[in-house]
Amino acid sequence: MTIHGSQQGCAELSDAGASSDGSVGRCTEPAEDLTMAPARLDNTHRDLRDDEFWRAIPAYADLTAAEFHDHRFQSRNCVTSIRKLREVLGPRVSDAFCKDAEAGTMHSTMSLRISPYILSLIDWDAPETDPLRTQFLPLASRLRPDHPELALDSLNEQGDSPVEGLTHRYHDRALFLALDTCPVYCRFCTRSYSVGLDTEDVEKVHFGASSDRWERIFDYIRAHEELEDIVVSGGDMYNLRAEQITYLGNTLLDIDHIRRFRFATKGPAVMPQKLLTDDDWLSALTGVVEEGRRRHKLVAVHTHFNHPNEITQVTHQALNRLVEAGVTVRNQSVLQRGVNDDVQVMRCLVRRLGYVSVQPYYVFVHDMVRGVEELRTSLQTAIHLEKQVRGATAGYHMPTFILDTMGGGGKRHVHGHEHYDRTTGVAVFDSPVVRPGQQFLYLDPIDELSPEVQQRWADADARRQMIDDALASARGSDRSP
Ligand code: SF4
């Protein structure tokens, strides 16, 4: 089905099927049904966009489907500056918007890189509120001051790094940062301390795809027999060459105690064309998965869709190539204000992922990342959404809503806090396996708190007091035996 306009089927419509102004596709909350009948969900998650959407962009207007849906065109024509954005969009974008974006990029920890695919899916009639624009292109007018307790490497990945580019925090699994580049750059990247080019504000710790560095990581993994599971990330493995994927994958499969690993990539969400037209690369990936199966080991792909609009008919075709090769694909979303913090949007995303054979695995509460405070939600938003989404699809397709605690306590379920003061926005978590006996925090965005509490966060002593009170309350509520 072809959907025109910016809200491609992410709505469960009111009974009339259209909002009061007659526009189809606006997300509307159905009236509460107090009977015992189950909630009615529509099937708009199946309405994948299938039109020639790129032709609305002046620079792409004359491209055929074959030209546009070629991975070489996509990677060679990413927009990496506001000057290029103006060239590509021409009259579709205003001078005021470009100035706002230019000022926004000056404060970003990530350099600009947007694929033609993503750029074409943005509604350029209303870019200020578009969920895809929000993720990739900062606007200075929307930025909020960073939380005062925030740090650049907020999860302290480097603190748990015994070897450059390997984080070993959990007993049986480790994170292997194979490279430091990606097909696009997300402005909210948790790994902004390392990924992408240096920016005005951040000189990065670079992890190039060098064989020497990889060998040191393999040596560490071989020497640590407690490791069974490796996340190969970066950066993004979409940018590895086919022979690098084969080498890396087969080396991990050769280590007896490694029983499973996952390749993490945002690629299918931002450049699905690679799965359709880069046959060597796809064969390298599916070859490793197949070799793993032959050795009774599990190799999966973990991807990163955040909004239903990112999933089109082209995405479906691309993912079908992985399905045909028997590759398990799971998704990890990041919860973001103005992107997917709406019940109907999140339900649609979860069901649409299932429809295209991707298992919704995690929804992460947004990490405390520099320069994107306006994207973070409160913990309460995640708790609410989790309750509203559960039941919309089968339990094995229900993502777990989690957060990664500040400072390296690891992942905790959003309902698993020891104490959560919704007034001050301070949540406290224990981490009995990763860091027994220690407490870890998550702090809600300050601009969502009351004016009186916002004042207290501006004062260093009051700030310390709010945190100390929360930690003490959490100790008092200790439910452990
Ligand atoms: S693709 Fe992943 S690693 Fe790369 S910038 Fe986005 S979130 Fe960060």
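Colleague: Which residues of H4 are buried?

Modeller: This is a predicted model, and in it Phe97, Cys98, Asp100, Ala101 and Gly104 of H4 are buried.

Colleague: How do you know that these residues are on the same side of H4?

Modeller: They cover an arc of only 160° around the axis, and therefore they lie on the same side of H4. The face of H4 turned away from that buried side carries the exposed residues Ala96 and Lys99. Helix H3 (82-89) and helix H6 (131-136) are among the elements that cover the buried residues.

Colleague: What makes the span of H4 agree with that of a helix of twelve residues?

Modeller: Helix H4 comprises residues 95-106, and at 1.5 Å a residue it should span 16 Å. Its end C-alpha atoms are 17 Å apart, so the two values agree.

Colleague: What makes tyrosine 60 and phenylalanine 73 an edge-to-face pair?

Modeller: Their rings are 5.8 Å centre to centre, with 85° between the planes; the angle is over 60 degrees, so the label applies. Tyrosine 60 lies in the segment before H1 and phenylalanine 73 in helix H2 (residues 71-76), so the pair ties together parts that are 13 residues apart in sequence.

Colleague: Why does phenylalanine 73 count as buried?

Modeller: Buried means under 20% relative accessible area. Phenylalanine 73 has 17% relative accessibility and therefore counts as buried. Tyrosine 60 is buried as well, with a relative accessible area of 3%. Ring pairs link both residues into a cluster that includes Phe53, Trp54, Phe68 and Tyr117. The structure holds 15 aromatic pairs.

Colleague: Why is histidine 296 called exposed, and what is said of its phi?

Modeller: Exposed means over 50% relative accessible area; histidine 296 has 65% and therefore counts as exposed. Its phi is positive, about 60°, although histidine 296 is not a glycine. Most residues other than glycine have a negative phi. Histidine 296 is found in the loop between helix H11 (279-294) and strand S5 (298-303).

Colleague: Why does serine 357 count as partly exposed?

Modeller: Its relative accessibility is 39%, so serine 357 counts as partly exposed, a label given between 20% and 50%. Serine 357 also has a positive phi, of about 65°, and is placed in the loop between helix H13 (343-355) and strand S7 (359-365).

Colleague: What joins glycine 234 and glycine 235?

Modeller: The two are joined by a cis peptide bond, with omega of about 20°. Most peptide bonds are trans. Glycine 235 lies in the loop between strand S3 (229-233) and helix H8 (242-254).

Colleague: Which residues are around the ligand?

Modeller: They are Met110, Cys182, Tyr185, Cys186, Cys189, Gly235, Asp236 and Lys266. By class, this shell has five nonpolar, one polar and two charged residues.

Note on methods:
Residues numbered from 1 in each chain as written. Predicted model: local features only at pLDDT ≥ 70, side-chain atom pairs only at ≥ 80, totals over all residues. Heavy atoms only, no water. Near = heavy atom within 4 Å. Nonpolar A, V, L, I, M, F, W, Y, C, P; charged D, E, K, R; others polar. Helix = DSSP H or I, 4+ residues; strand = E, 2+ residues; numbered from the N terminus. Expected span 1.5 Å × (residues − 1). Buried < 20%, exposed > 50% of the residue type's maximum accessible area, 1.4 Å probe, protein only. Arc of directions from axis to C-beta. Contact = heavy atoms within 4.5 Å. Phe/Tyr/Trp six-rings, centres within 6.5 Å; stacked < 30°, edge-to-face > 60°.
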